Amino acid sequence: MFISKEIEELSIDYLSKPFGDKKDKRVERWLDLLNQLNTQAEIVNLKDEVRVDLSTIDIEEIESIFLEFLPWRKGPFRINDLLIDSEWNSDLKWKRLQALKVNLKNKSILDVGSGNGYYAFRMLGMGAKQVLCLEPNLVHVSQFTAINKLVDSKKVRMIPERLESSGIKQTEFDCVFSMGLLYHQRNPQEHLQNLKDFLKSDGQMIIETIIAPDSYGIALEPVDRYASMPNVHFVHTDLGCKSMFEDLKLDLVSESDTVPTSHLEQRKTKWMPFKSFESALDQDNQSLTIEGYPAPSRKFYLLEPKF
Ligand SMILES: C[S@@+](CC[C@H](N)C(=O)[O-])C[C@H]1O[C@@H](n2cnc3c(N)ncnc32)[C@H](O)[C@@H]1O
């Protein structure tokens, strides 16, 4: 059974139909490409990176298939000598998580807004029992499905839905992750409360978000975009985050440093050839975004519910 009877029932159909009944003109082509990926990996390394080694491989054919799933935002992934060099070097965020000393061994995990599942694979590399990803963006769903065709893990599944429409009603998880979502919420308190509702009483919640300087009080509220991103409603300060956690009866167990995003961590590549971090910052003052706000810095929090 995958996590619980409820999750098994909600997720099983997506194993054969990863996009469910979603209407998108790209789905047919993606399904065709996925059908061409029939080689399972001989060696899989999810501990230090997400790497698969295939015994019989035409690397040029594999590259041309994977390039059709553009843009690759999260990664990198390695397939033999092929490096899928994504926009984000997501390994850097994963290293920052280690400061929290979180133990994922044998844990059931909900990763909300999982992107293409890069972190879910790294969670398995840390010994997680099973990981359920929720991700409404179908490009990410196509990439996850392609990578997992090679990895062939039965311990990770993805539902192509938002948290609010996932249909999960009863299941409680050992760990709930929300990375890069808080600032996109119109009601961040409600988002945190929703995440808390999916936690076991002795569970743990991991929040990763952009942090505004203390001078903004509780939160920076962008007038329009923030660092070229639409739909950024609140960028909380550290104080603002901690006061929400307190109001929602979430105990702060540990926290990472606040680390500025760098051109090493996010940049345009062959696998994400569109505008990236370089066009999100003021060309004359790299400490400011293009809109004149403080440039992004990111932080992790490890929380436990107080009951
Ligand atoms: C900024 S990305 C972060 C991806 C990944 N978690 C990371 O840290 O790199 C936010 C992701 O959350 C997804 N998302 C946004 N709102 C969501 C919601 N309500 N439920 C689930 N996923 C959501 C988006 O499609 C997007 O892929």
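Ser 262 is located in the loop that connects strand S13 (259-260) with strand S14 (281-282); strands (E, at least two residues) and helices (H or I, at least four) are DSSP runs numbered from the N terminus. The model is a predicted one, in which local features need pLDDT of at least 70 and side-chain atom pairs count only at pLDDT 80 or more, whereas totals for chains, interfaces and linings use all residues. Residues are numbered from 1 along each chain as its sequence is written. Ser 262 counts as partly exposed because 13 other C-beta atoms lie within 10 Å; a residue is buried with 20 or more other C-beta atoms within 10 Å of its own, exposed with 12 or fewer, and partly exposed in between, the C-beta atoms being placed from the backbone. Between the C-alpha atoms of Ser 262 and Leu 150, which are 112 residues apart along the chain, the separation is 31 Å.

Val 27 belongs to helix H3 (residues 27-35). Val 27 is partly exposed because it has 18 C-beta neighbours inside 10 Å. Apart from residues up to four places away in sequence, Val 27 touches Phe 19 and Lys 22, contact requiring C-beta atoms, placed from the backbone, within 7 Å. From Val 27 to His 191, 164 residues apart in sequence, the C-alpha to C-alpha distance is 30 Å.

Strand S8 (residues 173-179) is mostly covered, with seven of its seven residues buried. S8 pairs with strand S5 (residues 108-112) in the parallel sense over four bridges, pairing being assigned where DSSP finds at least two bridges between two strands. Ser 178 in S8 is the bridge partner of Val 112. S8 also runs parallel to strand S9 (residues 199-210), to which six bridges join it. In this pairing, Val 176 stands opposite Met 205 of S9. The chain passes from S8 through helix H8 (residues 188-197) to S9 in a right-handed β-α-β crossover, that is, one whose path from the first strand over the helix to the second runs clockwise with the strands pointing away from the viewer.

Val 176 is, with Ile 109 and Val 131, among the residues with the most contacts inside the largest nonpolar core, which has 72 residues. Such a core is a set of buried Ala, Val, Leu, Ile, Met, Phe, Trp, Tyr and Cys residues joined through C-beta atoms within 7 Å. Beyond its neighbours within four places in sequence, Val 176 contacts residues including Leu 110, Val 112, Leu 195 and Phe 198.

Methods: Contact = placed C-beta atoms within 7 Å.
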